[in-house]
Amino acid sequence: MSVLVCLPEWPLKPIRALAAARGVPIWPVGGVVRDALLGGAIHDWDFVVGQDALGLARAVADGLGGAFYPL
């Protein structure tokens, strides 16, 4: 069974652009997918990344004006 999950353009669109510029494939996962399927408010975003997760996290934080704290 296939299900189309519609996610808001922000922050997905700029994150996808930053990932594409670095050649890093990304997929939204976790709570964002669950909340979208249930029609609830989306409060956090999680992604699986194909490579260079810390580099992409730094680029996303810089690009969106956020903070970066590797744990």
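Modeller: Helices, of at least four residues, and strands, of at least two, are DSSP runs, and they are numbered from the N terminus. The model that we discuss here is a predicted one.

Biologist: Where is Pro 25 found?
Modeller: Pro 25 is partly exposed, with a relative accessible area of 36%. Helix H1 covers residues 9–22 and strand S1 covers residues 26–29, so Pro 25, whose number falls between these two runs, is found in the loop between H1 and S1.

Biologist: How many residues make up the largest nonpolar core?
Modeller: The members of this core are Ile 15, Ala 19, Val 24, Ile 26, Leu 56 and Val 60. H1 and helix H3, which runs over residues 53–64, each supply at least two residues of the core.

Biologist: Leaving aside its neighbours within four places in sequence, which residues is Ala 19 in contact with?
Modeller: Once the neighbours within four places in sequence are left aside, the contacts of Ala 19 are Val 24, Ile 26 and Leu 56.

Biologist: Why are the buried residues of H2 on the same side of that helix?
Modeller: In helix H2, residues 31–38, the buried residues are Gly 31, Val 32 and Asp 35. They lie on the same side of H2 because, around the axis, they cover an arc of only 100°.

Biologist: Which strands do the buried residues of H2 pack against?
Modeller: Gly 31, Val 32 and Asp 35 are the buried residues of this helix. The strands against which they pack are S1 and S2, the latter covering residues 46–49.

Biologist: How many salt bridges does the structure hold?
Modeller: One of them joins the side chains of Lys 13 and Glu 9, at 3.9 Å from N to O, and these two residues, four apart in helix H1, are separated by about one helical turn. Another joins Asp 62 and Arg 58 at 3.6 Å, and here the two residues are four apart in helix H3, again separated by about one helical turn. In total, the number of salt bridges is four.

Biologist: How many residues apart are Asp 52 and Arg 22?
Modeller: The side chains of Asp 52 and Arg 22 meet in a salt bridge, at 2.7 Å from N to O. This pair links distant parts of the chain, with Asp 52 in the loop between S2 and H3 and Arg 22 in helix H1, and the separation is 30 residues.

Biologist: Is Lys 13 buried or exposed?
Modeller: A residue counts as exposed when its relative accessible area is over 50%. The relative accessibility of Lys 13 is 55%, so Lys 13 counts as exposed.

Biologist: Which residues form the aromatic pair, and how is the pair arranged?
Modeller: A search of the whole structure finds one aromatic pair. Its residues are Trp 45 and Phe 47, with 6.1 Å from centre to centre and 10° between the planes. Planes under 30 degrees apart count as stacked, so the pair formed by Trp 45 and Phe 47 is stacked.

How values were computed
Residues numbered from 1 in each chain as written. Predicted model: local features only at pLDDT ≥ 70, side-chain atom pairs only at ≥ 80, totals over all residues. Heavy atoms only, no water. Phe/Tyr/Trp six-rings, centres within 6.5 Å; stacked < 30°, edge-to-face > 60°. Buried < 20%, exposed > 50% of the residue type's maximum accessible area, 1.4 Å probe, protein only. Core = buried A, V, L, I, M, F, W, Y, C linked by side-chain atoms within 4.5 Å. Contact = heavy atoms within 4.5 Å. Arc of directions from axis to C-beta.
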